[in-house]
Amino acid sequence: MTATFEAALQDRVDDMVDACTRCGKCVEVCPVTQPGGVTAEPRIVIDGIIDILRAGEGHDSARKWASACVQSGECIKACDYGVNPRFLLAMTRIAMARHANDPSARRKKGVENFRRVSRDVTHLARMQLDDDLLARLGQRPDRAAPASDRKPDFVFYTGCNVLKTPHIALLALDIMDAMGVTYQVMGGPTHCCGVTQFRPGDLETTGRVAQSTIDKLSSSNTGQVLAWCPSCYVQFTETTLPTVERMHGARPFEMTPWMRFLDERLEQLRPLLQAPVAMRVALHRHPGVPGVAKAAENVLRAVPGIELVDLGIPAIGLMSNALAAVPDHKRELYGRELDAAAAAGIDALLAVYHADHRELCAHEREYPFRIMNVLEVVGASMGLGHADHYKRLKLMQDVDLIARDCEDLSLAHRLDPATTRQVIEAMLADQPVPLRG
């Protein structure tokens, strides 16, 4: 057992570096070597990564590969030696950040990242929801339900950013209610996974924040946490939980992606899918968390009336915002997907994750199909629904109009008008494929 989070994390890195044979298979299967400008041979690239992890300088191709990682996870499947190359690339970026910045600069960057996320999440949720719905999503601790002697079946961990598109999280809760699953909702900035501190290399704060959240999440009857956010899932399952296990000798819980959980209980869900939903749909896919896209497909095929169309577009990355590492390639892929969806004559392009929905939904104004979340289709078949206020607001494409539309809720929640405008501007800027006009 190891005393500190940072030391335990380094022990894990050292073990993987020792296990790595430098075969280069992880580089060979990576979908972003070319978009990322990685030109060296695979064995040379992985040699450079190992050098950086051992406090060396590496070389240009190694640094480019680490920086271009979109977390597709293909590298993990390619390794025959129990090494997680995606984790090693994350730690390579940490090593690069720590080399470039002193501890105070890293800590400052982590604080800035956290404050920005907290600001945007808090404001966007309160611009769309009243107090009752905020409380249901665990964002009004003063309205928390009285403690019960009976532990819930699961903790439903929203993460932070899904609260910007709260109709998605609310539908997940409705579906669990209909299935008779008991749960406790946790998430938002007070339950941070630590990734905002991790990325700039502030490992001390990462460990402290993550341990605090782990302590809160360790309250389910089953020792299972259902995770909505893929970024939080990877941060916990590949960075935090294995490191805590190294420190203490055991994991406090296991974590399951929510869509995989739903697929595992498909026979329990199927009788609730009663109303036909006559739509031709395509699924916007990301492979970073294994099995999630397939689970979404299985659930959609169980909805009566749904016809699922394959657009033939390569699926890469953890979710949409992960592709920010290769912006030109991202714009090209998404432009092709939108055009292919129009050519296929679908009724809706369906996203699984919240980041995908945020980045795609405004394109509904310029294409002949809807942009929706998978759970909106499932909910429609079950007689469940929540208004997608985020999309409605973003389609306005005007800061003043959006601010006026949300004025009543902004006043009720005492939101600062200047900060609200900044949040709206950030929402409209979250548009990697520019709108046509």
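1. A residue counts as buried under 20% relative accessible area, as exposed over 50% and as partly exposed in between, with a 1.4 Å probe and protein chains only. S61 has a relative accessible area of 7% and is therefore buried.

2. The model is predicted, so local features need pLDDT of at least 70 and side-chain atom pairs pLDDT 80 or more, whereas totals for chains, interfaces and linings use all residues. Residues are numbered from 1 along each chain as its sequence is written, and side-chain values use heavy atoms, without hydrogens and water.

3. S61 belongs to helix α4, residues 60-68 (helices are DSSP runs of H or I, at least four residues, numbered from the N terminus). Leaving aside residues up to four places away in sequence, S61 touches V38, T39, A40 and V45 (contact means heavy atoms within 4.5 Å). The side chain of S61 also reaches the backbone nitrogen of A40 at 3.3 Å. I44 is 17 residues from S61 in sequence, and their C-alpha atoms are 8.4 Å apart.

4. The axes of α4 and helix α6 (residues 85-100) come within 9 Å and cross at roughly 115 degrees; axes are lines fitted to C-alpha atoms, for helices over the stretch in contact, with angles from 0 to 180 degrees between N-to-C directions. The two helices, α4 and α6, are therefore roughly perpendicular, a term covering 65 to 115 degrees.

5. On the α4 side, the contact is made by R63, W65, A66 and S67, and on the α6 side by L89, T92, R93 and M96.

Conventions. Polar contact = N/O pair within 3.5 Å; in protein donor to acceptor, adjacent residues only side chain to side chain. Parallel < 35°, antiparallel > 145°, perpendicular 65-115°, else oblique.
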